[in-house]
Amino acid sequence: MSDDLKREFWDRLDDTRAGMLMTKTARAVPVTHYIDEDDRAAVLWFITAKGTDLAKSAEGRVAAEYIIASKDESLWARIDGHVSAVTNPTELDKIWNAIAGAWFEDGKQDPDVQLVRFDLTEAEVWATDGGFKFLYEIGKAQLTGGKPDMGKHGTIRF
């Protein structure tokens, strides 16, 4: 199941735009992730400002946790790994978009832009069929006395 769950994780993560990222010294903050298409198996990228707690805490290689829930409720995950503040103009060019640009007056050349690399180590993943199926399974369990089928759940390693 681990390979199937890992494949579903990446497919559904591609449709999920944001989550909450935290380190031991930085509180959880909402961020948008960008999947590294060259290293799809183990890396996410984030863009933040240099003065943020997240950017400051990512100086060096620091343990981090990223929590996501897809808007259609088909993916829930707690992702563990390490963040590091990096300078990588090539990656920044690949992921830069209008949303990121709205935060920085001088666009991707703004001196306050900080790229954060998140190297994934493992994730606990819940892959479900979403909202309506969840309600159906709860109703069925209530009527039959059985347990609801909530989809796939497991831990994947990167």
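Tutor: The protein carries 20 positive and 28 negative side chains, and the centres of the two sets lie 4 Å apart. Lys and Arg count as positive and Asp and Glu as negative, with His and the chain ends not counted; each charge is placed at NZ of Lys, CZ of Arg, CG of Asp or CD of Glu.

Student: Where does the model come from?
Tutor: This is a predicted model, in which local features need pLDDT of at least 70 and side-chain atom pairs count only at pLDDT 80 or more, while totals for chains, interfaces and linings use all residues. Residues are numbered from 1 along each chain as its sequence is written, and side-chain values use heavy atoms, leaving out hydrogens and water.

Student: How many helices and strands are there in the protein?
Tutor: There are five helices and eight strands. These are DSSP runs, numbered from the N terminus: helices are H or I of at least four residues, strands E of at least two. Along the sequence the pattern is α-β-β-β-β-α-β-β-α-α-β-α-β.

Student: What share of the residues is buried?
Tutor: Of the 158 residues, 41% are buried, meaning under 20% relative accessible area with a 1.4 Å probe, protein chains only.

Student: Which residues of α1 are buried?
Tutor: Helix α1 covers residues 2-13, and its buried residues are L5, E8, F9, W10 and L13.

Student: And what covers the buried residues of α1?
Tutor: The cover includes β3 (34-35), β4 (43-49), β5 (62-69), β6 (75-86), β7 (113-127) and β8 (152-157).

Conventions
Expected span 1.5 Å × (residues − 1). Buried < 20%, exposed > 50% of the residue type's maximum accessible area, 1.4 Å probe, protein only. Contact = heavy atoms within 4.5 Å.
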